[in-house]
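Subject: Handover of a structure and notes on it

Dear colleague,

Please find the structure below, together with its sequence. My notes follow directly after it.

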Amino acid sequence: MTVLNEEELILIRRHLHEIPELALQEKQTHQYLLKIIADFKQDYLTIKTPPQLPTALLVLVKGKNPQRTIGYRTDIDALPVTEQTGLKFASKHPGIMHACGHDIHMTVALGLLSYFSENQPQDNLLFFFQPAEESESGGKQAYEKGIFTGKFKPDEFYGLHDNPELPAGAIGCRLGTLFAGTTEVNIDLIGKGGHAAFPQNANDTVVAAASLIMQIQTVISRSIDPIQSGVITLGKVRAGTIRNVIADHTRIEGTIRGLTQQMILKIDQRLKDLCEGIGRSYNMEVKLDLNQGGYWPVENNPELTKNFIQYMKNNPDVNFIETKPKMTGEDFGFLLAKFPGTMFWLGVGDPNSQLHSATLNPDEKSIERGINAIKGFLIARMEK
């Protein structure tokens, strides 16, 4: 096979769109990726499926005179969303959809890999097809299970995320944080139930939870530098079974988002303090579970990102847009905490939809434009 052309890339993307799979269940996707890659020229390729993360895929392209190994990551899982696009190539898996555009991500990676399999790069290139970005912290799992070792260890890492707000094929990036980090918050208040007519004999967790919720609202406004950004959202509260029984248990679930890991840890500590205080004030047990998972802030490396932005700005064929940080999460942040690198946006021109939407329908013209921009950058990077 020669380098994949636009028509072939679109067909690949549409097939991937038809077979979405949830985190750590991407077996059909994994097999299809292997099938496509098997048709590439194999002279410079080493393909590895790590047994400790069996739906992951590593492909190393051997360089002519390697001074470094440049990593490129793409995510391969989908979301539990019922598609409503009406496309002829809509998801064939009920209740599952590539509603975050990972089918676009994979296709761009395959396009790059097909080019460098035919045109041997100067440096080594490592393509990482990562499972479980949407949940289960696939990037963190990959690192902690030791799949980046020996020749499969990158010196720097790059990756994209599609953006329906940007024009098809545009490249967006910024110095500093691109995506916020996240922490999942679960709080259980455990008191003593009783009859609504005899509150003195019970210990009402609903009242304590209401007080705790109001106090948590002051964390961002009174504990965080107003010039910085953070978010706490408590999206779910569950308590009680009937109106005339005092609840002995209340559960609160929410999320924390911040632009640096240091900020997230500060918010975490304030939550711990408040929960301890409510427990003492209301004489009940308050259990706080903070699950950081793999969603660290996506903090771009200053030097590498400056080089990336400079290349994209100076390329007359690239529509470069400097973007603001987003409060959404992306588990590439964990890998960028371990390897220097850059994450950037690829515009897919669907302003009437948003990521995770059942109607997301990316403009497929973005695929080849994205490949050309990234290919040019990688070549330029290897010349330095």
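A residue is called buried when its relative accessible area is under 20%, exposed when that area is over 50%, and partly exposed in between (1.4 Å probe, protein chains only). Glu-136 has 48% relative accessibility and therefore counts as partly exposed.

The model is predicted, so local features need pLDDT of at least 70 and side-chain atom pairs count only at pLDDT 80 or more, while totals for chains, interfaces and linings use all residues. Residues are numbered from 1 along each chain as its sequence is written, and side-chain values use heavy atoms, with hydrogens and water left out.

Helices (H or I, at least four residues) and strands (E, at least two) are DSSP runs, numbered from the N terminus. Glu-136 is placed in the loop between S4 and helix H4 (138-144), and the loop between S4 and H4 also holds Ser-137. Most residues other than glycine have a negative phi. Glu-136, however, has a positive phi near 70°, and the phi of Ser-137 is positive as well, at about 55°. Ser-137 is buried, because its relative accessible area is 12%.

Helix packing

Two packed helices are described by the angle between their axes and the distance between the axes. The axes are lines fitted to C-alpha atoms, for helices over the stretch in contact, and the angles run from 0 to 180 degrees between N-to-C directions. Angles under 35 degrees count as roughly parallel, over 145 as roughly antiparallel, 65 to 115 as roughly perpendicular, and the rest as oblique. A crossing is right-handed if the near helix is turned clockwise from the far one by less than a right angle, and left-handed if anticlockwise. Contact means heavy atoms within 4.5 Å. For residue classes, Ala, Val, Leu, Ile, Met, Phe, Trp, Tyr, Cys and Pro count as nonpolar, Asp, Glu, Lys and Arg as charged, and the others, Gly among them, as polar.

Helix H2 (residues 27-38) and helix H3 (residues 102-118) cross at roughly 25°, and their axes come within 11 Å. H2 is therefore roughly parallel to H3, and the crossing is right-handed. On the H2 side the contact is made by Thr-29, Leu-33, Ile-36 and Ile-37, and on the H3 side by Met-106, Leu-110 and Leu-113. These residues comprise six nonpolar, one polar and no charged.

H3 also packs with helix H9 (residues 365-382), at roughly 50° and with the axes coming within 9 Å. The two helices are therefore oblique to each other, and H3 passes H9 in a right-handed crossing. Among the residues that meet are Val-108, Leu-112 and Phe-116 in H3 and Ile-371, Leu-378 and Met-382 in H9. The contact has 11 nonpolar, three polar and one charged residues.

The axes of helix H5 (residues 205-223) and helix H6 (residues 261-282) lie 10 Å apart at an angle of about 150°. H5 is therefore roughly antiparallel to H6, and H5 passes H6 in a right-handed crossing. The contact includes Leu-212, Ile-216 and Val-219 of H5 as well as Arg-270, Leu-271 and Leu-274 of H6. By class, 12 residues of this contact are nonpolar, three polar and two charged.

Individual residues

Ser-114 lies in H3 and is buried, with a relative accessible area of 1%. Beyond its neighbours within four places in sequence, Ser-114 contacts Val-3, Leu-4 and Phe-40.

Pro-121 belongs to the loop between H3 and strand S4 (124-130). Pro-121 is buried at 2% relative accessible area. Its C-alpha atom is separated by 8.5 Å from that of Pro-66, 55 residues apart along the chain.

Thr-55 sits in the loop between strand S1 (45-48) and strand S2 (57-61), and counts as buried at 6% relative accessibility. A polar contact is a pair of N or O atoms within 3.5 Å; within protein, one must be able to donate a hydrogen and the other to accept it, and residues adjacent in sequence count only if both atoms are side-chain atoms. The side chains of Thr-55 and Glu-26 are joined by such a contact, of 2.8 Å.

Thr-233, in strand S10 (residues 230-239), is partly exposed, with a relative accessible area of 40%. Leaving aside residues up to four places away in sequence, Thr-233 touches Gly-254 and Thr-255.

With kind regards
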